[in-house]
Amino acid sequence: MTPHTLTPAVARRSPSAQTRVALVRPKKPLRWITTAAVAAAVVGLHAVAIEGTDFKPELLVDGWKGMAAFIGDAFPPDLSWEKTLRPGLEATLVTLWIGLLGTTLSVPFALLLAALAAENTSPHRLVYQAARAILSFFRAVPDIVFALIFVTAVGLGPFAGVLALICHNTGVMGKLWAESMEEIDSGPQEALRTAGANRVQQVANATLPMVVPQFVGLLLYRFDVNVRSSLGLGLVGAGGIGLLINQSIKSFQFDSMLTHILIVLVLIIVVDQFSAWIRRRLAA
Amino acid sequence: MLLSVQGLRKSFNGRTVLEGVDFSVAAGELVAFLGANGSGKSTTLRCVMGITAPDSGSISIEGTALDTLQGRDLQQARQRMAMIFQKIHLVPRRTALDNVCAGALSRIPTVRSLSPLLFPADVQQEALDCLDRVGLADRAFDRVGRLSGGQQQRVAVARALCQRADVVLADEPVSALDPHAAEQVMALLRELAHSEGLAVAAVLHQPDLALRYADRSIGLLQGSMTFDLPSTEITADHLDTLYAPDRDVSDRKSAA
Ligand SMILES: Nc1ncnc2c1ncn2[C@@H]1O[C@H](COP(=O)(O)OP(=O)(O)O)[C@@H](O)[C@H]1O
Ligand SMILES: [Mg+2]
């Protein structure tokens with residue numbers, strides 16, 4: 001549209017014009033019915049959920065004495081080096097290593113499955129469906145369940161935790177990566193297709209290099225999550241600081257437990273800051 | 001004729017977009033396509049490139065109709081055509097050289113194309129020569145994302161050269177560029193046609209660029225060709241018929 005074509009219309013719309021366009025909002029009578037129905041459904045669902053989870057705040061009120069005693073026992077945290085601090089720090093390192101290996105060793109599997117499970121890179125509809133199904137399976141099975149399975153296979157310890165994280169993280173990261181590939185601008189890939197590049201060449205030289213920043217961002221995010229999950233894995237026997245927390249609770253050493261939790265807190269803040277720092281550098 | 005197209009027809013969901021487009025482009029010639037938005041310029045180029053399948057029509061390269069070819073021969077004939085896009089479609093994170101090498105992918109074994117580090121040395125040398133032909137050899141190792149729009153489009157032209165294409169189809173190659181860069185890219189396309197004997201067809205949004213750079217201009221109006229004349233013979237009347245529906249307020253309303 002050129003300004004030239006607009007001139008007569010603009011002139012007609014001067015404020016002094018006699019006839020103005022009346023402001024009449026179109027009525028949408030169904031809208032408030034829909035709103036009410038959605039609200040009723042949400043309230044109803046919550047009523048059922050409260051019933052289903054034995055959600056009784058009065059129990060919390062009655063149990064406050066137990067909680068107070070528990071917290072009283074935990075303070076002050078046990079800072080003895082030999083008994084608590086050193087084992088805690090060592091186990092925290094193990095937790096970090098579990099999270100690291102669980103993330104990095106799942107990269108090849110996640111990469112392959114993501115490429116097969118993204119619409120714009122998958123070689124065939126059936127392969128796409130199969131890859132999606134595999135990713136859904138690994139995502140649906142919680143890492144704790146994988147950990148329990150691997151503990152029976154390779155025994156208690158961090159190795160089972162690493163294997164569990166590899167499995168679950170392949171599912172989650174593969175899905176996230178596949179989605180970021182689908183969202184990427186398809187232009188460069190199409191350009192290489194018209195230049196006669198085959199599918200693998202298109203993916204390696206257009207799609208993948210385009211999504212590198214997103215991939216690294218998601219990788220760091222998963223590293224962050226996996227370090228935290230490996231704490232939970234320790235609780236079921238797959239090594240690391242989680243195991244120590246579990247032991248100190250079972251032996252009523254709440255002051256040691258608090259020390260371990262504080263160490264974990266520091267670890268999580270450090271990991272979080274580290275991945276935020278890398279992502280900032282990447283965006284710049 | 002290097003490229004000749006006859007009776008190209010295409011409809012989308014029952015709506016006819018191309019109703020029989022015939023044209024040809026000789027080696028050493030720059031031909032411009034003009035027409036209002038939606039007149040079918042992009043669809044024409046995409047059908048010729050094989051990105052969109054035409055309903056009917058025949059596309060020949062040096063007299064050989066593509067529909068008589070199969071397999072490897074068809075692929076080789078198609079690779080003689082390269083496309084330049086308005087949105088450029090390079091990979092911004094990669095260097096200019098790596099992007100140009102990608103034009104040669106069809107000649108590189110798949111395992112050696114998994115990373116630019118594996119690209120054969122002779123391909124890299126050829127890519128550098130292509131960058132030199134578009135005047136950007138000194139920017140070979142810069143990331144494409146750091147180059148200006150005009151430089152990026154010239155890298156895209158170098159990629160087409162590295163594909164060893166002798167037919168270049170450009171869909172609004174300069175619409176996203178500032179006027180100075182647009183002139184540079186048009187001059188480059190004309191130079192490639194006139195001195196290197198490429199057949200270049202470019203959709204242009206600005207008629208004045210067509211009149212100044214193209215040897216011949218083709219007008220498309222609602223999927224039909226209204227003229228196919230040497231650019232020197234194009235008059236204001238020719239252009240008015242092409243863009244008139246856009247200018248008339250009552251027409252626009254009835255079309256909406
Ligand atoms: N893939 C498609 N599906 C449906 N309609 C399309 C498609 N591609 C183009 N069209 C329609 O075809 C007409 C011509 O489009 P196009 O060739 O892009 O025009 P131009 O490039 O001249 O602006 C337009 O009306 C457009 O909406
Ligand atoms: Mg177009």
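# Two chains and their contacts

Chain B and chain A bury about 2,000 Å² between them, with 58% of this area on carbon and sulfur atoms. The model is predicted. This report starts at the interface and then moves into chain B.

## The interface

Eight residue pairs are in polar contact across the interface of chain B and chain A.

One salt bridge crosses the interface of chain B and chain A. Its partners are B:Arg46 and A:Glu190, with the closest N and O atoms 3.4 Å apart. A:Glu190 and B:Arg46 also belong to a network with A:Arg193, joined by salt bridges that share partners.

## Salt bridges

Over all chains, the structure holds 18 salt bridges. The table lists some of them.

| Residue | Partner | N to O distance |
|---|---|---|
| B:Arg216 | B:Glu29 | 2.8 Å |
| B:Arg80 | B:Glu62 | 3.1 Å |
| B:Asp166 | B:Arg80 | 2.8 Å |
| B:Arg46 | A:Glu190 | 3.4 Å |

Take the salt bridge between B:Arg216 and B:Glu29. Which parts of chain B does this pair tie together? B:Arg216 lies in strand β9 (residues 216–221), and B:Glu29 lies in the loop between β2 (15–25) and β3 (30–34), so the pair ties together parts that are 187 residues apart in sequence. Are these two residues buried or exposed? B:Arg216 is buried, at 13% relative accessibility. B:Glu29 is buried too, with a relative accessible area of 13%. The cut-off for buried is under 20%.

B:Arg80 sits in the loop between α2 (71–78) and β6 (81–84), while B:Glu62 sits in the loop between β4 (56–61) and β5 (64–65), so the pair ties together parts 18 residues apart in sequence. B:Arg80 itself is partly exposed, with a relative accessible area of 23%.

## Strands and hairpins

Strand β1 (residues 3–12) of chain B has two strand partners described here. Eight bridges join β1(B) to β2(B), and the two run antiparallel. In this pairing, B:Val5 stands opposite B:Phe23. β1(B) and β2(B) form a hairpin with two residues between them. In the turn, B:Asn13 has a positive phi of about 50 degrees. Five bridges join β1(B) to β4(B), again in the antiparallel sense. There, B:Arg9 stands opposite B:Ser56.

Another hairpin of chain B is made by β9(B) and β10(B), with two residues between them. The strands pair in the antiparallel sense over six bridges, and β10 spans residues 224–230. B:Leu221 stands opposite B:Ser224. In the turn, B:Gln222 has a positive phi of about 45 degrees.

In a regular strand the side chains alternate between the two faces of the sheet.

B:Ser231 is in the loop between β10 and α8 (236–247) of chain B. At 5% relative accessibility, B:Ser231 is buried. Its side chain makes a polar contact with the side chain of B:Ser217, at 3.1 Å. Beyond its neighbours within four places in sequence, B:Ser231 is in contact with residues including B:Ala210, B:Leu211 and B:Arg216. B:Arg216 is also the salt-bridge partner of B:Glu29.

B:Glu172 is in the loop between β7 and α6 (179–196) of chain B. With a relative accessible area of 12%, B:Glu172 is buried.

How values were computed. Residues are numbered from 1 along each chain as its sequence is written. Chains are lettered from A and ligands numbered from 1 in the order in which they are written. This is a predicted model: local features need pLDDT of at least 70, side-chain atom pairs count only at pLDDT 80 or more; totals for chains, interfaces and linings use all residues. Side-chain values use heavy atoms; hydrogens and water are left out. A salt bridge is a side-chain nitrogen of Lys or Arg within 4 Å of a carboxyl oxygen of Asp or Glu. Helices (H or I, at least four residues) and strands (E, at least two) are DSSP runs, numbered from the N terminus. Buried means under 20% relative accessible area, exposed over 50%, partly exposed in between (1.4 Å probe, protein chains only). Buried area is the accessible area (1.4 Å probe) that two parts lose on being put together, summed over both. A polar contact is a pair of N or O atoms within 3.5 Å; within protein, one must be able to donate a hydrogen and the other to accept it, and residues adjacent in sequence count only if both atoms are side-chain atoms. Two strands pair if DSSP finds at least two bridges between them. Contact means heavy atoms within 4.5 Å.
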